[in-house]
Amino acid sequence: MKPEREKDSLGELLNRLVTKGVLINADVIISVAGIPLIGVKLGAAIASIETMLEYGLFEELDKNTRAWQLEHRKTGPLLQENEDVEFQFYGSYFQQSHPIWKYCFTYVTNRRIFGWNKAFNIILFEIPLTAIRMLDIGKGIYQDEERDELRLTLVNDEKLYLHSGDLIGLYDKICKLIPESSTGKLISCK
């Protein structure tokens with residue numbers, strides 16, 4: 001390999017480091033008064049994983065990592081017995097108790113509405129359908145722009161706001177799924 005010099009910039013250095021890689025070998029001997037005391041042999045390969053795999057480095061680690069990921073990756077949240085997913089979407093939600101819009105996969109089942117974080121396999125919020133008192137679509141402000149949001153008012157007067165690409169479909173599905181509450185009153189779908 002011949003030394004090349006195109007441009008002296010950090011970008012060029014990083015590009016070369018990632019695409020071609022750097023191999024460093026160093027032998028260090030520490031001596032006092034001409035007497036060798038400590039010897040260190042260093043070897044390092046620095047490159048992107050793709051480049052390292054191309055040159056045959058880290059093949060076993062990459063194979064084991066990918067196998068573990070496939071084995072442990074969850075493709076969906078655990079559902080309760082006799083629970084069926086009726087509607088699902090990737091969107092955002094906002095709760096009064098945590099006043100910031102967060103993104104997640106939202107599921108509407110025949111029993112509840114819940115938000116699920118796929119990366120950590122955790123339920124972020126969960127609302128039983130029987131806890132919904134009122135449901136409507138209204139205007140809200142997000143990042144200084146007005147947009148439609150699905151507003152759910154719960155029996156304890158808490159509010160949950162949902163946003164998706166298909167708010168009308170989400171609204172219709174929830175209205176069809178909500179049964180009479182334990183008090184015998186029907187939900188108000190405005």
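Reader: In which strand is Ile38 found?
Author: The model is a predicted one. Within this model, the strand that holds Ile38 is E2.

Reader: Is Ile38 buried, partly exposed or exposed?
Author: The relative accessible area of Ile38 is 47%. Buried requires a value under 20% and exposed a value over 50%. Ile38 therefore falls in between and is classed as partly exposed.

Reader: Which residue in E2 does Ile30 stand opposite?
Author: Strands E1 and E2 pair in the antiparallel sense over 11 bridges. They form a hairpin with 2 residues between them, and Ala33 in the turn has a positive phi of about 55°. Across this pairing, the residue in E2 opposite Ile30 is Ile38.

Reader: Which element gives the most residues to the nonpolar patch?
Author: A nonpolar surface patch of about 690 Å² is made by Val28, Ile30, Val32, Ile35, Leu37, Ile38, Val40 and Leu42. Two or more of these residues come from strand E1 (22–32) and likewise from strand E2 (35–46). With 5 residues, the element that gives the most is E2.

Reader: Is Ser92 buried or exposed?
Author: Ser92 has its place in strand E3, which spans residues 85–95. Its relative accessibility is 1%. Because the cut-off for burial is under 20%, Ser92 counts as buried.

Reader: With which side chain does that of Ser92 make a polar contact?
Author: Beyond its neighbours within four places in sequence, Ser92 is in contact with Trp101, Lys102, Tyr103, Arg147, Tyr161, Leu162 and His163. A polar contact of 3.5 Å joins the side chain of Ser92 to that of Arg147.

Technical notes: Residues are numbered from 1 along each chain as its sequence is written. This is a predicted model: local features need pLDDT of at least 70, side-chain atom pairs count only at pLDDT 80 or more; totals for chains, interfaces and linings use all residues. Side-chain values use heavy atoms; hydrogens and water are left out. Helices (H or I, at least four residues) and strands (E, at least two) are DSSP runs, numbered from the N terminus. Buried means under 20% relative accessible area, exposed over 50%, partly exposed in between (1.4 Å probe, protein chains only). A polar contact is a pair of N or O atoms within 3.5 Å; within protein, one must be able to donate a hydrogen and the other to accept it, and residues adjacent in sequence count only if both atoms are side-chain atoms. Contact means heavy atoms within 4.5 Å. Patches are made of residues with over 30% relative accessible area and no salt bridge: like charges are joined within 9 Å, nonpolar side chains (Val, Leu, Ile, Met, Phe, Trp, Tyr) within 5 Å. Accessible areas come from the Shrake-Rupley method with a 1.4 Å probe; for residues, only the protein chains shown count as cover. A salt bridge is a side-chain nitrogen of Lys or Arg within 4 Å of a carboxyl oxygen of Asp or Glu. Two strands pair if DSSP finds at least two bridges between them.
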